[in-house]
Amino acid sequence: MTILQLRNRIDVLDELILHLINQRATAAQQIGRLKRQERLEVQDGGREAGVLAHVVEQNQGPLTADQVTDIFQHIIAGCRDLQR
């Protein structure tokens, strides 16, 4: 493949990733509404740790566990903000 073809592939993948992250954010908003109804705290450290452990376990590279953790910490933080 050429650089242009690979860059085009990355653009398509970025759009897919964005779509999936927004679906995740929508689910987080729904959880936020339920948490408000049930008077629960937005931040759930145990759940967040479980999510991070799960994605690290599922990771097959080439990203390292630390890189995956960093990425998902940002995603989780953004979704947590939406829950508020």
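**Exercise 1.** Is Thr 69 buried or exposed?

*Solution.* This is a predicted model, in which local features need pLDDT of at least 70, side-chain atom pairs count only at pLDDT 80 or more, and totals for chains, interfaces and linings use all residues. Residues are numbered from 1 along each chain as its sequence is written, and side-chain values use heavy atoms, with hydrogens and water left out.

Step 1. Buried means under 20% relative accessible area, exposed over 50%, and partly exposed in between (1.4 Å probe, protein chains only).

Step 2. The relative accessible area of Thr 69 is 18%, so Thr 69 is buried.

**Exercise 2.** Determine the place of Thr 69 and what Thr 69 touches.

*Solution.* Step 1. Thr 69 lies in helix H3, residues 65-83. Helices (H or I, at least four residues) and strands (E, at least two) are DSSP runs, numbered from the N terminus.

Step 2. Leaving aside residues up to four places away in sequence, Thr 69 touches Leu 52 and Val 56; contact means heavy atoms within 4.5 Å.

Step 3. At 2.8 Å, the side chain of Thr 69 reaches the backbone oxygen of Ala 65.

**Exercise 3.** Describe the chain as a whole.

*Solution.* Step 1. The chain has three helices and zero strands, in the pattern α-α-α along the sequence.

Step 2. The C-alpha trace spans about 55 × 25 × 15 Å along its principal axes.

Step 3. Of the 84 residues in the chain, 19% are buried.

Step 4. Among contacts with a separation of 6 or more, 63% come from residues 24 or more positions apart.

Note on methods:
Polar contact = N/O pair within 3.5 Å; in protein donor to acceptor, adjacent residues only side chain to side chain.
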